[in-house]
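User: Please walk me through reading this model, one feature at a time. I would like the general idea, then the case at hand.

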Amino acid sequence: MAEKSFKSELACETIAATHGVASDTAFGAVVPPLYLSSTFTFEAFDQPRTYDYGRSGNPGRDMLAEALAKLEGGAGAVVTSSGMAALDLLLGLLGPDDLVLAPHDCYGGTYRLLMARAGRRQFRVAFVDQSDGPALATALADEPSLVLVETPSNPLMRVVDIAAISALAKAAGALVAVDNTFLSPALQRPLLLGADYVFHSTTKYLNGHSDVIGGAIIATHPARVNVLRRWSNVVGTIGAPFDAWLTLRGLRTLFPRVERQQQNAMAIAEHLERHTAVLRVHYPGLSSHPGHEVAHRQQRGFGAMLSFELAGGVPAVQRFLANVRMFTLAESLGGVESLVSHPATMTHADMGEEARRVAGIDNGLLRLSVGLENQDDLIAGLERGLAAC
Ligand code: PLP
């Protein structure tokens with residue numbers, strides 16, 4: 001797209017739809033080619049080309065990295081084999097004296113990774129409710145090196161103020177990394193709010209079609225990007241070329257997908273909020289949501305993830321899941337198809353009962369990833385489950 005760029009800065013929708021389009025110099029392919037080769041020829045003795053070996057770099061993977069860095073407003077990105085690998089890449093830069101401050105209600109896999117690494121004394125970890133000002137201040141007084149932020153959080157959709165936490169963390173000498181998986185840069189750009197890193201499970205909205213496991217980490221400072229790039233080559237935490245190609249293809253439609261999905265999510269959240277079988281709905285788009293104001297300020301939309309608690313607890317969950325239509329019982333999120341999951345027995349099972357209780361993840365909680373289906377069909381499918389509760 002380089003020759004066709006006629007403005008110094010293209011809009012994010014344009015970058016998502018066209019980054020790398022028509023850039024093939026060999027045959028003029030409109031769609032960027034897929035280079036599966038694990039190795040690249042040297043021109044001659046001691047004369048490597050741009051690429052020499054697939055662990056160090058791959059044209060398609062780098063193209064995806066460039067697109068993601070632009071969308072997030074960062075200096076560069078590293079594309080990894082999963083979202084967990086993206087976080088682990090960053091954690092690999094820490095030492096035994098470093099302290100990581102994480103949200104108490106983070107994604108279960110993040111909790112598991114942090115506990116596993118800290119258990120091996122690779123760093124120390126502490127968990128805090130980042131929406132609790134005094135608790136956050138106390139935790140920051142312990143001088144963490146890295147503050148992890150996840151907003152909206154998985155699965156309770158708690159929203160925290162990225163700009164405020166980044167300023168506090170910076171004053172305490174910590175770097176900030178935000179998990180932006182739930183919203184994608186289409187709806188939230190944490191680096192512009194003061195974060196130093198943003199990471200993704202590209203498995204979710206960025207790819208959007210539930211056919212790739214992938215991740216990415218983007219940094220504001222070029223020097224930090226270089227450190228991550230070198231480290232990813234050292235440990236081999238890289239995304240596969242075909243996965244990167246599919247993810248770039250998925251990225252083309254990110255903006256319209258998310259736009260439509262969040263319209264569906266809003267309608268569903270309002271429907272659930274009125275329903276007698278439902279105790280509570282967690283969706284930042286509802287004015288009843290405690291993080292509504294912050295979400296309105298720092299997000300471009302409220303997203304398509306929501307969770308709700310059934311009044312009848314686990315028995316109601318079982319009846320709901322046996323009868324619901326349109327929502328497939330499966331982990332993951334962000335695809336074009338709607339999914340339902342039960343965090344206590346699925347995504348957050350490894351957290352253990354006590355950590356879930358502290359985080360507020362009830363056994364009656366269900367999480368929805370709202371897809372692109374017709375809104376009436378989705379609500380009718382949910383109604384079928386709710387009527388059985
Ligand atoms: N972060 C969040 C918020 C997630 O929901 C997930 C996966 O569900 C991850 C990170 C991990 O991503 P991956 O499964 O690609 O490793």
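Predicted model: local features only at pLDDT ≥ 70, side-chain atom pairs only at ≥ 80, totals over all residues.

User: Where does F242 lie, and which residues make a nonpolar surface patch with it?

Analyst: F242 lies in helix α8, residues 241-251; helices (H or I, at least four residues) and strands (E, at least two) are DSSP runs, numbered from the N terminus. Together with L34 and L36, F242 makes a nonpolar surface patch of about 270 Å². Patch members have over 30% relative accessible area and no salt bridge; nonpolar side chains (Val, Leu, Ile, Met, Phe, Trp, Tyr) are joined within 5 Å, like charges within 9 Å. Areas come from the Shrake-Rupley method with a 1.4 Å probe, and for residues only the protein chains shown count as cover.

User: Now the ligand. Which residues around it come nearest?

Analyst: A residue is near a molecule if one of its heavy atoms lies within 4 Å of it. There are 13 residues around the ligand, and G83, D179, S201, T203 and K204 come nearest. By class, the shell has seven polar, four nonpolar and two charged residues. Ala, Val, Leu, Ile, Met, Phe, Trp, Tyr, Cys and Pro count as nonpolar, Asp, Glu, Lys and Arg as charged, and the others, Gly among them, as polar.

User: What lies 2.7 Å from an oxygen atom of the ligand?

Analyst: That is a polar side-chain atom of T203. For S201, an N or O atom in the side chain is 2.8 Å from a ligand oxygen, and for N154 a polar side-chain atom lies 3.1 Å from a ligand oxygen. The protein buries 92% of the 390 Å² that the ligand exposes when taken alone. A polar contact is a pair of N or O atoms within 3.5 Å; within protein, one must be able to donate a hydrogen and the other to accept it, and residues adjacent in sequence count only if both atoms are side-chain atoms.

User: Is N154 buried or exposed, and where is its place?

Analyst: N154 is buried, because its relative accessible area is 3%. Its place is in the loop between β4 and α6.

User: How many salt bridges does the count come to?

Analyst: Side chains of opposite charge can pair when their charged atoms come close. The count comes to nine, taking a salt bridge as a side-chain nitrogen of Lys or Arg within 4 Å of a carboxyl oxygen of Asp or Glu. In one of them, the side chains of E13 and R300 meet at 3.3 Å, N to O. This pair links distant parts of the chain, 287 residues apart: E13 is in helix α1 (residues 12-18), and R300 is in the loop between α10 (292-298) and β9 (305-310). R300 is exposed because its relative accessible area is 56%, whereas E13, at 36%, counts as partly exposed.

User: Which residue does D105 meet in a salt bridge?

Analyst: D105 meets R158, with 2.7 Å from N to O. The partners are 53 residues apart, D105 in the loop between β2 and α4, R158 in the loop between β4 (146-150) and α6 (162-171). D105 counts as buried because its relative accessibility is 4%, while R158, at 27%, counts as partly exposed. The side chain of D105 also makes a polar contact of 3.0 Å with that of S153.

User: And what does D350 form with R112?

Analyst: D350 and R112 form a salt bridge too, the closest N and O atoms being 2.7 Å apart. Here D350 sits in the loop between β11 (339-341) and α12 (353-359), and R112 in helix α4, 238 residues apart. Salt bridges that share partners also join K170, D196 and R224 into one network.

User: Last one: where is Q130, and what lies 2.7 Å from a polar atom of its side chain?

Analyst: Q130 is in the loop between β3 (124-128) and α5 (133-140). The backbone oxygen of L148 lies at that distance from the side chain of Q130. Q130 counts as buried because its relative accessibility is 7%.

Conventions:
Residues numbered from 1 in each chain as written. Heavy atoms only, no water. Buried < 20%, exposed > 50% of the residue type's maximum accessible area, 1.4 Å probe, protein only.
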